Amino acid sequence: MTTDDADARPYGRRAFLGLLAAGLTSFAWAGPASRIFAPVTSQFSQLAGDLLPVGGWRIYTISGSMPLFDRDTWRLEIGGLVRKPQRLTYDDLLALPRAHQISTFHCVTGWTVHDVRWAGVRLNHLLERAEPLPSARAIRFVSLEQPYTDSLTLPQAALPDVMLAYEMDGKPLTRAHGSPARVVIPEMYGYKGVKWLTRMELVASQPTGYWEGLGYDQNAWVGRSNGRD
Amino acid sequence: MTRRRLARFSRTERTVHWVHASAFLILLATGLALYLPSLSELVGRRPLLKSIHVYTALAWLVALVLVVVLGDRRSLRATLREVDQFDRDDRAWLRRRHPPQGRLNAGQKVNAILTAVLALLFLVTGVLLWYGERDTRFRFAQTILIHDWVTYVSLVLFLGHLYLSVIHPRTRHALSGMTRGWVYEDWAREHHAKWAAVARGAGDEP
């Protein structure tokens, strides 16, 4: 326009290219930077979490709406290759020996929530009641959110910090977090932790779950699977 | 009293602006509903929201290409040149002085540059998030973190832009340039003096 060409400088393109380069190289530095600033940002997200319930979590669902927990009609079935099939009410579940743990939750898409306080039941207490047959090798977990299923081998399910959680951070599991109960296995990415659990089925070989069918790894070890190994 | 009007933004420039603005708002709304647990629970329907989010991004890209192909490319090239060039007065403006400004003041140029950078970063990280679900080789731990941060920065920029164009009494007349294409000459003389001196008229107030 009225720019005096003599003293005009092409700062626009320099700023554009410089900022774009800074943004694109952040694939290399965003990880370390977020770890360095974690003490600051976690305080920030705590604050934001109090205002807006964020807390670092993202809620992924695969169907139109989240299952709604009804205390009177909800049952947890344990079936398949077992001697004594079970049908537990929510109160039956709460009456089982209670376990606590603080563990870190890793999502395969890259986000992490540190120090989640879980309370629930160790899977072996559930299995003891059902008495798996010797031919059982794995547990298939079925969600009320259809068609979500996933599975763990029996040795994986017996890891010391694997649980069926019904409380998170001191409160009953909310609908978004899979009420009334979800599987927690901190060593693996979150998609293995089936939410809105309604059925556990003992099977002879590990079936393909929902995300495994879409190309994700069956053994979802954190940092050692899904292209991170 | 009749007030003279000056043509500020061409039809093509305005189309680019509103394509960008409407896509941003839809992407922001669906993105927030995907991102905030409280909203996800309220809205539900995640697969639908995700599809709207992805297809809006696609429509945004197609619309921008169409504007460039079908629109007034000369006006777009002139705008690019204008945003690129920072003269002495622009540089002084950035040092918080107020010398007379051209059609775009230095802050508006910075806003345009930042918007373009953020859009490209959204695009790159968004495509990686989408394609990474289909091919693990394109799944990087940082992608979602960067997509989030680009959102935070965009929100700040967007709120500032909204304040100046809709709320702040001295600057909000600028919105007329982006909706009707013209601004009043007396307003332009105050805010964009160098441009007002040479700008093409757009008729007088009837």
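Predicted model: local features only at pLDDT ≥ 70, side-chain atom pairs only at ≥ 80, totals over all residues.

Trainee: What does the secondary structure of chain A come to?

Mentor: Helices (H or I, at least four residues) and strands (E, at least two) are DSSP runs, numbered from the N terminus. Chain A has five helices and ten strands. Of its 229 residues, 34% count as buried. Buried means that 20 or more other C-beta atoms, placed from the backbone, lie within 10 Å of the residue's own.

Trainee: Which residues of helix H4 of chain A are buried?

Mentor: The general idea comes first. An α-helix has 3.6 residues a turn, so residues three or four places apart point the same way. In H4(A), residues 123–130, the buried ones are A:Leu123, A:Leu126, A:Leu127 and A:Ala130. Down the axis they fall within an arc of 95°, so they line one face of the helix. That arc is taken from the directions from the helix axis to the C-beta atoms. Their cover includes strands E1 (76–80) and E4 (112–122) of chain A. A:Glu131 follows H4(A), with a positive phi near 55°.

Trainee: How do I read the crossing of H1(B) and H3(B)?

Mentor: Two packed helices are described by the angle between their axes and the distance between the axes. Axes are lines fitted to C-alpha atoms, for helices over the stretch in contact, and angles run from 0 to 180 degrees between N-to-C directions. H1 (residues 11–35) and H3 (residues 46–70) of chain B have axes that come within 9 Å and cross at roughly 165°. They are therefore roughly antiparallel (over 145 degrees).

Trainee: What classes of residue make up the contact of H1(B) with H3(B)?

Mentor: Contact means C-beta atoms, placed from the backbone, within 7 Å. The residues divide into 14 nonpolar, six polar and two charged. Ala, Val, Leu, Ile, Met, Phe, Trp, Tyr, Cys and Pro count as nonpolar, Asp, Glu, Lys and Arg as charged, and the others, Gly among them, as polar.

Trainee: At what angle do H6(B) and H7(B) cross?

Mentor: Roughly 150°, with axes that come within 9 Å. The contact of H6(B) with H7(B) has eleven nonpolar, eight polar and no charged residues.

Terms used. Residues numbered from 1 in each chain as written. Chains lettered and ligands numbered in written order. Buried ≥ 20, exposed ≤ 12 C-beta atoms within 10 Å, placed from the backbone. Contact = placed C-beta atoms within 7 Å. Parallel < 35°, antiparallel > 145°, perpendicular 65-115°, else oblique.
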